[in-house]
Structure formats: structure tokens, C-alpha cells
Amino acid sequence: MPDQAGTLYVVATPIGNLEDLSPRAQRLLAEVNWIAAEDTRHSRRLLEHFGISTPMTALHDHNEREVTAGLVERIAGGDNAALISDAGTPLISDPGYRLVGTAAQRGLAVVPVPGPSALLAALSVSGLATDRFAFEGFPPRGRAARDAWLQALADDMRTLVFYESPHRVVECLAAMRSAFGAGREAVVARELTKRYEEIRRGSLGELADAFARGDIRTQGEFVLVVAGAEIRERETPDLGVERLLAELLKELPPRRAAAVAARLGFGKANELYRLATGLNGRG
Ligand code: SAM
């Protein structure tokens, strides 16, 4: 490796509102030698808006495997580079994992330039618990695979965050209602930071009904945030006093059975004794 290896900056870009491109991101995108972008035509519009004319190279799901080694060599040779995706934070349901992993393994500096991400934007306004959460990305597309996948998440107590396409969001919410129960709280975050931003809170049942009524539009981009499973009550049935005494009476005389039940907090010993003798008579 030469003495002066370059740096790979992983730069977050807006998920809608262009004012969300930070001054630092703007400066670095203008200063680096080149930018690896998921869709160069899409990102050109963003860069033009900020008067940035840095050359771009394509890095997307279909070519990442082939181009990564060459791009890493260029950084190792001294280039400073930025990685961006179409929107939000690269690598979050977006390409870049191989490039970042290979650059890091090669010992190159990989520097985050944080900013927008739909998942954190949605979570931060969801009003649901944020102390522990799981980002689940896009659910599987096929119905059977998706239903089984959701079922496996049904007992997870962490808040769950999903991305979903507008074509599948209605069906997905209905599947969540079946898997998690209609009463589970959830949030639909649509078109975040854009003109028609909409944040709807309610139970999965209410939200699924709102979609069915056409009360929530299915156009745009969606994040679904779902409350975690409630802590289950212990699944042992209530042990009634009569049942307890009946069991104790199989092993003990009434007075001792009543004393044990009293020690366990089932009532006063003399009252339990009266109950025990009655039960004994029945037995
Ligand atoms: N890397 C991006 C990020 O950091 O959020 C996510 C890229 S992923 C390919 C695109 C998905 O993110 C969309 O299908 C949608 O689920 C979500 N998304 C992106 N922008 C959004 C927005 N403005 N409002 C709601 N969801 C959005």
C-alpha cells in the first residue's frame, strides 16, 4: 500500500427533503475525487442542485461484486472517494457492503458522514419504545415466506421496523395483523420529509382498516413500525384455594393442610381449617 492511501467516506443523502444534506456532506461530495453512486443519473440531479460536479461511478447490486476490487485499488492508490445511495444512508437496505468491507479489510480509512435514514426518522416519531428495536428491512415477497417470517417475529419484545414497497404495503399490514394480533400498536410512516408526509398511529387492526377504506394512500414510500410483544403473564393457571387444599389433604390432616395454605398466603389458618374439614367431609 502506498504511504498516502485515500479515504472512503460513506455519505448519507436526503430521503426527500434536500435541506437534509448536511454542510459536511456537501463539502465532502464536492472535494472527493469521485463518488460511487447507486444510480448515477438519479444522484446527478441531487449533486446539480448543490452545484457539485464530482465525477461519478456506478455501484449497485448488480455490479458491486465486479467493481469493488478496482474501486478499492483506486482508494489505496490515494483517491478520496464517497459512497452514496439513491436516498438515505448507504448499506441500509442499499448497496455498499462489499465495498466498505473490502476497504476496511485492506486497512483503508472508512469514515461515516451520517445523516438521514428512513428507519430512524420513522422510529424517532413513532411514539413506540425505542430502548430496544430491530430493523427487519423488507419482508420476503412471497406470501408463504412472508407469513412464516412474520410469525417468527411474533414474540419478539423489541419494537420492529420494516420497509415495504407501496405495491405490497396493504397486504403486508394485513399479514402483520394476522401474525401479531389486531390489537398490537403500530405506526405507518409515509413519504417522510416530503410534501405529503403522513404519520398514522393505531392498532394493526385500525391501520389495516384505514388502508382498506382508502383512508391511507398507498402511493409513496413507507416505513412500518410495530410495537414489540407484551411480556406474557405466567401461563400457569390460577391456583384456587380449594384446589390447593384438596391437594394438600391427600397428604396431610386438615389442620396441617390449613397451616401450610396459610403460610402460602391463602388466608387465615382457622378459616382455611374450616374449609379443609368441609372438603375432607366431601372427599
Ligand atoms: N438507505 C435508505 C435509508 O437509509 O433509509 C433506505 C433505502 S431502501 C432501498 C428504500 C426504502 O426505504 C423505501 O422502500 C421505504 O421503505 C424507505 N424509505 C425511503 N425513503 C422514505 C421516505 N421518505 N419515507 C418513508 N419511507 C422511506
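This report covers the domains of the chain, the contact between two of them, and selected side-chain pairs.

**Domains**

The model is predicted. The protein chain splits into three stretches, tabulated here.

| Domain | Residues |
|---|---|
| domain 1 | 7-116 |
| domain 2 | 119-236 |
| domain 3 | 238-283 |

**Domain 1 against domain 2**

Taken over C-alpha atoms, the centres of domain 1 and domain 2 are 30 Å apart. On the domain 1 side, six residues make contact; on the domain 2 side, ten residues do. About 490 Å² is buried between domain 1 and domain 2. Carbon and sulfur atoms give 64% of that area.

Which three residues of domain 1 supply 75% of the area it buries against domain 2? They are Ile15, Ile92 and Ser93. No other three residues of domain 1 supply more.

Next, the polar side of this interface. Domain 1 and domain 2 share two residue pairs in polar contact, both at pLDDT 80 or more. The face of domain 1 that touches domain 2 holds two nonpolar residues, three polar ones and one charged one. How many salt bridges lie between domain 1 and domain 2? The count is zero.

**Salt bridges**

Side chains of opposite charge can pair when their charged atoms come close. The structure has 15 salt bridges. One of them joins the side chains of Arg106 and Glu73, with 2.4 Å from N to O. Where do the two partners sit? Arg106 is in the loop between helix H4 (97-105) and strand E5 (109-113). Glu73 is in helix H3 (residues 64-76).

**Aromatic pairs**

A pair of aromatic rings is described by the distance of the centres and the angle of the planes. The structure has four aromatic pairs. Among them is Phe135 with Tyr163, at 4.9 Å centre to centre. The planes stand at 65°, and the pair counts as edge-to-face. Phe135 belongs to strand E6 (residues 133-137). Tyr163 belongs to strand E7 (residues 159-164).

Technical notes: Residues numbered from 1 in each chain as written. Predicted model: local features only at pLDDT ≥ 70, side-chain atom pairs only at ≥ 80, totals over all residues. Heavy atoms only, no water. Domains from an automatic or database assignment. Contact = heavy atoms within 4.5 Å. Buried area = accessible area lost by both parts, 1.4 Å probe. Salt bridge = Lys/Arg side-chain N within 4 Å of Asp/Glu carboxyl O. Polar contact = N/O pair within 3.5 Å; in protein donor to acceptor, adjacent residues only side chain to side chain. Nonpolar A, V, L, I, M, F, W, Y, C, P; charged D, E, K, R; others polar. Phe/Tyr/Trp six-rings, centres within 6.5 Å; stacked < 30°, edge-to-face > 60°. Helix = DSSP H or I, 4+ residues; strand = E, 2+ residues; numbered from the N terminus.
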